[in-house]
Amino acid sequence: MTKSVRVRYAPSPTGYPHVGNIRTALFNWLFARHYGGSFIVRIEDTDVARKVEDALQAILDGLRWLGMDWDEGPEVGGKYGPYFQSQRLELYRQTAERLVSQGDAYYCYCSLQRLEEMRAEQVRHKQQLGYDRHCRYLSDEERSAKKKEGITPVVRFQTPLSGQTGFNDLIRSQVVFDNNTLDDFVLLKSDGYPTYHLASVVDDHLMEISHVLRAEEWLSSTPRHLLMYQALGFEPPQFAHLPMILGADRSKLSKRHGASSITEYREQGYLPEAMVNFLALLGWSLDDRTEILSRQELIDKFSLERVSQTAAIFNHEKLYWMNGVSLRELSHEELLRKIMPFLESGLPKEVKRPISKEYVSRIVPLIRERINTLAEAATYADFFFLDELEYETSMLMGKKMTTETTVKALKAVQEKLSLLENFNRDSLEGTLRPLAKELELNTGQLFSPLRVATTGRTAAPPLFETMVVLGKERCLHRIMVAIGKLLNK
RNA sequence: GGCGCAUUCGUCUAGGGGUUGAGGACACCUCCCUCUCAAGGAGGAGAUCACCGGUUCGAAUCCGGUAUGCGCUACCA
């Protein structure tokens, strides 16, 4: 590679950052970092009608959250700016005019209505869809007449009627199109804004983009872009079309497939490192066995040669598993820090705020192997914070236990524990195990009612550790409540 | 309708002419560990490599066709 690597992520602020989009950003970012090149963010805000107000912020926040820093773009600037296409309109207009004057583009005065009718007609007759080139063949008189009518024209590219346009896609190798299957597409809209085709070609050239890594949906547009590069005398970048990410039903991933915006994953307690790891493996692989890779390993190992050619279905379950792995790799301190806000926002409102960090610090070791997302901490560990536990009385009774034997067992525990001086793991175990024997119960038969009594659930962290964190008083109180429930049944 | 891209376990994927009776991961099942649930460990089940032809001594791997899926075919990106 002689030229320095310069790649761009070019989102359109028309919606929240979709995971498919973010995956494209990630591959660009990894590619740039791998080759020590530049990662540029360029905002393609050329669709005024579809613009969404906070989309830009959400996109930038998403990138930052995932640790994808950009060398040029919004908020950081750069010498190829501005990085908002809405601020570069003059450049596109000039280029469009140049193409018109050199005979590679023309003004089109066709009304939206005419275009619509033409299209309907084509569909009806099962003809090839596309602009019929009506205005391409306007005489000078007709042209000036249209001009006099005051119609603001669009500029269309004058696509060659014959020949072929091909290129070597870095992921799909040789791809060829017949020029006669391409229509005269719009370069400049009547509102003065460029279409994607014009803007991206102009900007990629001006910004000296070396490689265009974009989603496969752009593959069919690439010959148009190449024809423009040719007409303009620009050297085209290298192209690589990334496989798409689909939903479980194989259609384009969307809201009905569950969370599709990166923001939602963040809110659900997914970790950026898990997200990056998972997204990297959607369409790329290192070898036949590596699943867990750090950010640095990803940068070191990433290569276009190992990007797959097939669309991938977004597998939520695997992400969920991977998040659990990442979560368990966090240090105690880090996990604690990340869990705090989720507890603050996720615990029932009757729990007093602020939540004590010291207290949570004692809970974290008990739940870290039992949760897969940060948000789950709040639902899994709520009994550590609640005063009143809600559960079915029947849950208190273990295998082959009756109300009587359960009450008897809990009363025995109550008695033993109230006499206990040091309420710690070992003293609890040293007390309760022998007690089971005394009562002629197996450990499960004694521990499971006790677990339900103290936590309100049948699945919880290890009993003794849990009881220690809850404290003697609270445990005794909860056991008393449980006995009461059984007797009032 | 036209054009393009793709097609290996349910899913993500490895493998790109013989060492593959196709490897790994998620999910699923069994067992171990164990006070429950997890985590961890050990196993299991799961793919006629879309189909049909061809090339070859030999094809999941190369070629052609068919089918299916997806994408593009907008004054959206």
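Let's start with a ground rule: a residue is near a molecule or strand if one of its heavy atoms lies within 4 Å of it. This is a predicted model, where local features need pLDDT of at least 70 and side-chain atom pairs count only at pLDDT 80 or more, while totals for chains, interfaces and linings use all residues. Residues are numbered from 1 along each chain as its sequence is written, chains are lettered from A and ligands numbered from 1 in the order in which they are written, and side-chain values use heavy atoms, with hydrogens and water left out.

**Stop 1: the RNA**

Select RNA strand B and show its atoms within 4 Å of the protein: 71% of them belong to sugar or phosphate, and the rest to bases.

Pick R119: a polar atom of its side chain sits 2.6 Å from a phosphate oxygen of RNA strand B. At K126, a backbone N or O atom is 3.0 Å from a sugar or linking oxygen of RNA strand B. Then try L129, where a backbone N or O atom is 2.9 Å from a base nitrogen of RNA strand B.

Which elements give two or more residues to this surface? They are α4 (112-124), β4 (154-157), β6 (173-178), β11 (312-313), α11 (316-329), α17 (443-455) and α18 (463-470). Helices (H or I, at least four residues) and strands (E, at least two) are DSSP runs, numbered from the N terminus. Highlight α11, which gives the most, with 4 residues.

**Stop 2: two domains**

Color chain A by its domain assignment: domain 1 (6-85 + 245-313), domain 2 (88-242), domain 3 (330-384) and domain 4 (393-487). These bounds come from an automatic or database domain assignment. Keep domain 1 and domain 3, whose C-alpha centres lie 29 Å apart. Where they meet, 8 residues of domain 1 are in contact with 6 residues of domain 3 (contact means heavy atoms within 4.5 Å).

How many salt bridges are there between domain 1 and domain 3? The count is 0, where a salt bridge is a side-chain nitrogen of Lys or Arg within 4 Å of a carboxyl oxygen of Asp or Glu. There are 2 residue pairs in polar contact between domain 1 and domain 3, both at pLDDT 80 or more. On the domain 1 side, select α8 (262-267) and α9 (272-280), each of which supplies at least two of the residues touching domain 3.

**Stop 3: backbone details**

Most residues other than glycine have a negative phi, and most peptide bonds are trans. Go to G81 and P82, joined by a cis peptide bond with omega about -5°. P82 is in the loop between α2 (55-65) and α3 (89-101). R353 and P354 are also joined by a cis peptide bond, with omega about -10°.

**Last stop: a salt bridge**

Finish at E90 and R93, which form a salt bridge with their closest N and O atoms 2.7 Å apart.

Conventions:
Polar contact = N/O pair within 3.5 Å; in protein donor to acceptor, adjacent residues only side chain to side chain.
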